[in-house]
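Me: I've got a two-chain model open and want to walk through it. Can you help me read it?

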Amino acid sequence: MSPSLPASSPAEKLTLAMVATGLLALLLALADADPGRQQTWLYLALGLVSIGTLTWSWLRFGRHPAGVQQNNLWQRASTGRGSVAWVTGLVLTGFYVVLYWYSSDDGQGNFGPLNNLVHGLDSFSRWLRARPADQWFLYGTFYTLAILLMGTRALWKYRHSRYQLIRTGSVMFFQLGFAFIIPALLQFFQQPEFYFSYFWPLKYDYLFPGTAAALVHNGGLGVFMVFWGAVMSLLATPVLTYFYGKRWYCSWVCGCGGLAETAGDPYRQLADKSRAAWRWEVRIIYPVLGLIVAITAVLWVNFALNSSLLGEVGSGAAKWYGFAIGAVFSGVIGVGFYPILGPRVWCRFGCPMAAYLGLLQKHFSRFRISTNGGQCISCGNCSNVCEMGIDVKQYAQRGEPIIRASCVGCGMCSTACPRGVVNLENGPREGRYQASPLIHADSLRILS
Amino acid sequence: MHLLIIGNGITGVTCALAVRKQLPEARITLVSAESAHHFSRPALMYVYMGHLRPQDLKPYEDWFWDKNRLGLVHATATALNPTENLLTLDNGTTLAYDQLLLATGSESKRHGWPGQHLAGVQGLYGLPDLEAMTRDTRGISRGVVVGGGLIGVELAEMLHSRGIEPLVLVRDAHYWGSVLPSAEANLVDRQFAENRVPVRYRTELREILGDAQGRVRAVVTTTGEEIACQWVGLATGVTPNIALARRAGIETDCGILVDEYLRTNVPNVYAAGDCAQHRQPGAGEVAIEQLWYTGRMQGETVAQTICGQSTAYRRGIWFNSAKFFNLEYQTYGQAPAAPTAGLESFYWEHPTGRAALRVYFRAGAPHAVVGFNALGLRLRQAQCEQWIRQQAPVATVMSHLGAANFDPEFFPQHEKAMVAAFNRQFPQHQVVLRQRKGLFSLLRK
């Protein structure tokens, strides 16, 4: 039996009503046949949702004393897998299905069910990119807005932790600058659309010979893009991961991670912490990495040999990979199931970049999460907030450092720990796995 | 060998795991009346507050027990026959043992207040208390918490999380007067104030008043004030749970009496954790230790003796931690609340009142450091212990303070301000900060 939840203040209800009205306006934009009004509805919707979310975040988190604010998390229908969560999940999943498979331009500028929304952004897109909007511009706009709005919520919520403030600022910056404005400006200047914050093997086609050839063909900037992609994937990734762990990317730069850390923050506790889930993680994520490495290799061998058989196999596999992994896994399941499975399903079970970074983090890195002696009380708050489903307390209660391939270094375990037990640190590799030497009754080791 | 452990709390479970490690063949059985599986007692509050679900309280997944061949029996031990090595359970079964560990924990203290058995009056110790609190605080507007210790502030925070107004009665002139110096207690008081929790200091409970249905309706304090409320939380400490031991004729006082090897007066029967009372506690130590950490250490220690390597219980360098609303607290070594002969202390407080550090050291040269209090700061336990064990002079500790900094990255570092304050308070030691935070500088010293 759960106790009754404290009532939301009238002001909070008002801001939530604002968000709801905004979503209603979005439906009106979808339904209205008049192009002028479509745009009005759309901007009204975005305005209401934005102001509503920002004000609600301030009322909900900003007015209370700074500190861990997790009250009633598991008891709310929105964050505890209740009815609101299921509805949210269905809407998100439906949006992705429509976006991926029913929103392509039919050749006459018609983008399927989302058509009105796409055209509602035409003038903004012309201003920013010197071309009309398409379904991906709509998606990019929504995605960036979600990171900025929910990022601001996270800034209010975690304002007692400078690590969380700076990290949240970082994902907001990289999304807005590197994944939204710069690609749009490139298009404005008739350059290839390129995302400097996504690398192979996550952005798998960036190291495909076809992509490289097309970019190189484009001239100086294209050559730089190929160079950037190769250097970031093959050189910068190992070096940065050596010094800082995979967090330099997964929870500071990456757009998928950025969405998970901001829009997905209310759902981070939903990640399954069981050993069984960990086993599935290992069974799935490394084969995905193997698959994309193999596909990339086949495409390059074909490029070198110019063999038609390999070319067909390679491009066929790439196409299939794009559908199954790129669309279904990372989009529909990865984001659609946020309110049910937690926000890092894709990062944890599917992302080949995370797998690659994880191997580096586990075996060639200075990063670890230290445990502070014997102070752990096994309360489980650290495990609870781990969006990657790591059962952090298993390590903390043994006094062991946490060194896991999947850890994205978001730092929430450290933020949530009520006893100051866990801390993200970069230190010498020597003794990295050493457990706390000093938790004992004199000469005894506890739980050694 | 069959080791039977009564109680599946941290003490019993730690002992079971330590024995399993040393004796792979031993049969080990844990009996618990409270729960089928071990759970984290200090985390109860987080379930009430909705941070966690009940199943999240378990430190180990359910498969863990079978895998380690630890038998779990969810039943109440009703009678112990130490002459025949037999334990009777309320489900009718009888268990024979070779060695027995009593790790029966505590129960909340009730001081015989009038009205203490009214509905809606309770302590917070175990799962039944959590259930009762969940049930009895539904839809109420005010709860009174009696006690200015760790559980008192937890109860206040729990009520606060549900939008129920807590009111706290504290016997001493400041919060946790037996443990915290008043400067530190003032920071806790700021937390109460910031969260709008009224506290009545120098005030105790006199009586609890009930309504016609036998439910609490108000309390009367020793200052004569009548405070309307619908729930009362008693957080005035716990007392060892010794009923079973006493019925079995094992020697008890407040707790089950044990020697330094945690042996009772009956052969092959041990007691450890909250329920045990040391016949001869170490100098400056208490006879009954009722903490998660000491429970764990006693469980670990008694396991050695049970496995045949008689090991005396030595608490080691003291440590403890807590959190008061948003204020974390850690303490290491000797950190008395009141001025103590032969000891001096250096105290620094951040202007915001959200962080403080106190370093205790001997008044005589070389001014060896003996303890720390940290509020709103995280200290590295290994480093603090090392300083205390090595009797490092306070000047050395202050100049290497960064080595003990366990705050997350990018957090403001206060060592400079602390050293400056130290030099002002103790001009005879002019200290220069030599060591900054971080694992690399830890090696470089």
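Me: Start with chain A. What share of its residues count as buried?
Reply: Of the 448 residues of chain A, 48% count as buried. Bear in mind that this is a predicted model.

Me: What's chain A made of, in helices and strands?
Reply: Chain A has 19 helices and 2 strands.

Me: What fraction of the contacts in chain A join residues at least 24 apart?
Reply: Counting contacts between residues at least 6 apart in sequence, 70% in chain A join residues at least 24 apart.

Me: Now chain B. How many helices and strands there?
Reply: Chain B comes to 12 helices and 25 strands. Its radius of gyration is 24 Å, close to the 22 Å that the globule rule gives for 445 residues, so chain B is as compact as a globular protein of that length.

Me: What does chain B span along its principal axes?
Reply: The C-alpha trace of chain B spans about 70 × 60 × 40 Å. Buried residues make up 49% of the 445 residues in chain B. For contacts in chain B between residues at least 6 apart in sequence, 61% join residues at least 24 apart.

Me: Which domains does the assignment give for chain B?
Reply: It gives domain 1 (2-107 + 239-306), domain 2 (121-236) and domain 3 (319-444).

Me: How far apart are the centres of domain 2 and domain 3 of chain B?
Reply: The C-alpha centres of those two domains lie 32 Å apart. Their contact takes 15 residues from domain 2 of chain B and 13 residues from domain 3 of chain B.

Me: Which helix gives the most to the domain 2 side of that contact?
Reply: Helix 6 of chain B does, with 6 residues. The domain 2 side of the contact with domain 3 of chain B divides into 8 nonpolar, 4 polar and 3 charged residues.

Me: What does UniProt list for residues 2-289 of chain B?
Reply: An unreviewed UniProt entry lists residues 2-289 of chain B as "domain: FAD/NAD(P)-binding". Over residues 2-289, chain B is 22% helix and 28% strand, and the end C-alpha atoms are 27 Å apart.

Me: Back to both chains. How many residues does each put into the contact between them?
Reply: The contact takes 52 residues from chain A and 56 residues from chain B. On the chain A side, the elements that give two or more residues are helix 7, helix 17 (381-385) and strand 2 (422-426). By class, that side of chain A has 21 nonpolar, 25 polar and 6 charged residues.

Me: On to packing. Which residues touch the most other members of the largest nonpolar core?
Reply: B:Leu101 and B:Leu102 do, in a core of 219 residues. The largest share of this core, 7 residues, comes from helix 1 (residues 10-22) of chain B.

Me: What does B:Leu102 touch?
Reply: Leaving out residues up to four places away in sequence, B:Leu102 touches B:Ile6, B:Ala245, B:Ile256, B:Val269, B:Tyr270, B:Ala271 and B:Cys275.

Me: Why does A:Ala130 count as partly exposed?
Reply: Because A:Ala130 has 13 C-beta neighbours inside 10 Å, and partly exposed falls between 12 or fewer for exposed and 20 or more for buried.

Me: Is B:Trp176 buried or exposed?
Reply: B:Trp176 is buried, with 22 other C-beta atoms within 10 Å. B:Trp176 also has a positive phi, of about 50 degrees, although it is not a glycine. B:Trp176 is in the loop between strand 11 (165-169) and helix 6 (182-194) of chain B.

Note on methods: Residues are numbered from 1 along each chain as its sequence is written. Chains are lettered from A and ligands numbered from 1 in the order in which they are written. This is a predicted model: local features need pLDDT of at least 70, side-chain atom pairs count only at pLDDT 80 or more; totals for chains, interfaces and linings use all residues. Helices (H or I, at least four residues) and strands (E, at least two) are DSSP runs, numbered from the N terminus. A nonpolar core is a set of buried Ala, Val, Leu, Ile, Met, Phe, Trp, Tyr and Cys residues joined through C-beta atoms within 7 Å. Two residues are in contact if their C-beta atoms, placed from the backbone, lie within 7 Å. Ala, Val, Leu, Ile, Met, Phe, Trp, Tyr, Cys and Pro count as nonpolar, Asp, Glu, Lys and Arg as charged, and the others, Gly among them, as polar. The radius of gyration is taken over C-alpha atoms; the globule rule is 2.2 Å times the number of residues to the power 0.38. UniProt positions are given in the numbering used here, feature names are shortened, and annotations may be inferred rather than shown by experiment. Domain bounds come from an automatic or database domain assignment.
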